[in-house]
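Trainee: I have a model open and I'd like to learn how to read it. Could you take me through a few features?

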Amino acid sequence: MRRPKLKKASKRMTCHKRYKIQKKVREHSRKLRKEAKKRGHKKPKKDPGIPNAAPFKEEVLREAEQRKQRLEELKQKQKLARQKDLEKKRKLQTKKNATKANEHPEEKESTMKPKAKSNRLLDKNSNKSFCRELKKVIEASDIVLQVLDARDPLGCRCSQVEQIITQSGGNKKLLLVLNKIDLIPRENLEKWLHYLKNEFPTVAFKSSMQLKDRSVQEKKLTKKRARIDLSRGSMCFGSECLLKLLRDHCKTQDKAIQVGVIGFSNVGKSSIINSLKEMRACNVGPVRGVTKCMQIVHIDKQIKMIDSPSIIAAPSNSALALALRSTTDIEESGKLLDAVNAILKHCSKQQMMLYYNIPDFRNSVEFLTLLAQKRGMLKKGGVPDTQSAAKLLLYDWTGAKVSYHSLLPASWSLSPHLTNEVVAEMQQGFNLEELAKDNMDTIKAVKYPNLASSIVFQSSGLTNGTIEENELTEGTSELENMETSEEGEDLTEDDQDSDEEEEVVEEESDVQTSSKTNPAKLSVDDESLEKQPAGEQSRTLSFNLDETADQDDAYDFNTDYV
């Protein structure tokens, strides 16, 4: 019988071999010690300094200090000389550039204009490009899905966009997708579905939160025993209902359709596409404005989904609408406190205290300080970081974290931008009874928060959006004027800078000579400070402190040795 092969080679050896190795190691280390003894161990010698018994110790120390000062002065003079040489070279260069610009002024103007245009074309973060891409998506799509946050459905609807879609013609349909249904109570969800289906066909949806990218999914499929993640975050609800609705429309139209997905920021447009595709086809994230341009994703042979940038909220909206629906982060515009104040005004104070586990507060600033202390957001010295606490609150409310729900209006009435004919036209071609059954199946499958634990929220109504680029021309034209004026002033600024640098160098040299003043002058300054009034004293304080700092660096031998 053949002996099985061992996985690892054994480290066992004969005693003779082991003792021989140990002997060789001892001999080698002994040799190294001998060589080190011959060379001698040279340690860096510490400067012993001047002994106290030396007869002229003070004079020697004084001479050494003076020598050190002379070297520092020499270095400073060399530095000033180098700065002057650089200034002369800069002056000559600016004069040459100015003469060239005067000789060919037309060429410079022609080069400035295309640069500004190219900068504008490349800027994908601008509101103009967002409007342009959104209009492209609406024009290219046969069915438009307007994604609404189930926590505030009315606040996520845009009357301007709905009006453009309904008036565009060409048998274009508009559907409402109520996303994030797992964050509101079941009773509230059923009421909102009943309310919204009076105007447009509405689909209840809960998108998947833990989708991997394509490469990870391909690797998983190759494995024999892939681990299936069945957690609630990774599960998607409502995708079958939505795909069934779209496929039925394909059969009635007898052609492949393009489905555009639109909505305000952080409502879950890209997450819906990823959930239908069952992989991470579009980038998603809690940061606002992740999607910059339209992106086509093939679901199957008949359906193409088109992802779009966010609808831009008009500046005329309320502070609450701008806080929750703005495309740019509020912290960039510097209106964090206003946004937090607007959210707190539209919520129940007791519910906010229970959710964030903080005591009673009087205003938004006190709320942020208590929240920062609770979450450990402290600056240097234990000061609460209210700015970080405000950002955290906004991320909670725009992302899929806080469970809150808005109450329905007292009575249903048709929106002013819609008519009964438009509503009938939008509902035509869809089987609404089957849609209602599928929505009920989705509602039964999802786990909901308790009504008592969900925060009651007062909605501010429909949010106005800017679709036309003409409405955004004022801001962009000001930016263009700024760019052109800055480029035109570059030449004049260079000449001014060279003159100012000369003055700065002269002032530095004056400061260095004045820094070697007598310390007796300090006592005079202190007396004059006491005589001055409180207002003037604060102005001169920083200057006097700077003076003392310079004088401390200089070494005065008359004060040390008497």
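Mentor: Start with Gly 376, which takes a positive phi of about 75° just after helix H14. Helices here are DSSP runs (H or I, at least four residues), numbered from the N terminus. Keep in mind that this is a predicted model, where local features need pLDDT of at least 70, side-chain atom pairs count only at pLDDT 80 or more, and totals for chains, interfaces and linings use all residues. Residues are numbered from 1 along each chain as its sequence is written, and side-chain values use heavy atoms, with hydrogens and water left out.

Trainee: Which residues of H14 are buried?

Mentor: Buried means under 20% relative accessible area (1.4 Å probe, protein chains only). In H14, that covers Ser 364, Phe 367, Leu 368, Leu 370, Leu 371 and Ala 372. These buried residues pack against helices H12 (336-345), H13 (349-356) and H15 (386-398), with contact meaning heavy atoms within 4.5 Å.

Trainee: Which residues touch the most other members of the largest nonpolar core?

Mentor: A nonpolar core is a set of buried Ala, Val, Leu, Ile, Met, Phe, Trp, Tyr and Cys residues joined through side-chain atoms within 4.5 Å. Among the 64 residues of the largest one, Leu 145, Ile 303 and Met 305 touch the most other members. Helix H8 (residues 239-253) gives the most to this core, with 6 residues. A second, separate core has 31 residues, including Leu 336 and Phe 457.

Trainee: Leaving aside neighbours within four places in sequence, what is Ile 303 in contact with?

Mentor: Its partners on that count include Leu 243, Leu 246, Cys 250 and Val 259.

Conventions:
Buried < 20%, exposed > 50% of the residue type's maximum accessible area, 1.4 Å probe, protein only. Helix = DSSP H or I, 4+ residues; strand = E, 2+ residues; numbered from the N terminus.
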